Amino acid sequence: MLRALEPEDLDVLYSIENDLELWNVGYTTVPYSRYLLHDYIANSKCDIYADRQMRLVAELKDGGDVVGIVDITDFEPRHNRAELGMVVRKKYRNMGYGSCMVRKMIDYSRQVIHLHQLYAVVDASNKISIDMFKSCGFEESHYLEDWLYDGEKYRKAVFLTLFL
């Protein structure tokens, strides 16, 4: 189940946003404080047109544990496209939750905000994520040389697209 962020998600969001392993695939360069994340949760308009992004929490059906977070970012309403990103918490990886989250966001993007295109940028060495996006209908569009920097070396990324 996907739902909006709640104040009770602060600890999970804090642990995900401050996970150094994930920084190599995103744009984070400094740790997020609890205050800043609390402020984000409290002040997000939950309107993709106002915020130009949307972040949802994936949780187990019974309203239990948080499985991960899925984002639509860089929303461009003029061109009807956005980037799709997600994080599945370590204990829930390789169980099909990632593809379920992506499929739900595809449905939302198609049926609610009427996007024409979703795209994802994935480290070329992350075969599991690439295969997961491809199983959801994304296609490899092109490679981005030296796109990701891990502090020691540059790595290639794969640009995946899905036309809705």
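Guide: First a term: buried means under 20% relative accessible area, exposed over 50%, and partly exposed in between, with a 1.4 Å probe and protein chains only. This is a predicted model, where local features need pLDDT of at least 70, side-chain atom pairs count only at pLDDT 80 or more, and totals for chains, interfaces and linings use all residues. Residues are numbered from 1 along each chain as its sequence is written, and side-chain values use heavy atoms, with hydrogens and water left out.

Visitor: Is Ser 109 buried or exposed?
Guide: Ser 109 counts as buried, because its relative accessibility is 0%.

Visitor: What does Ser 109 touch, leaving aside neighbours within four places in sequence?
Guide: Ile 72, His 114, Leu 115, Leu 118 and Leu 164. Contact means heavy atoms within 4.5 Å.

Visitor: Which residues have the most contacts inside the largest nonpolar core?
Guide: Ile 72, Leu 84, Val 102, Phe 133 and Phe 138, in a core of 29 residues. Such a core is a set of buried Ala, Val, Leu, Ile, Met, Phe, Trp, Tyr and Cys residues joined through side-chain atoms within 4.5 Å.

Visitor: And what lies apart from it?
Guide: Another core, of eight residues, including Val 12 and Ile 69.
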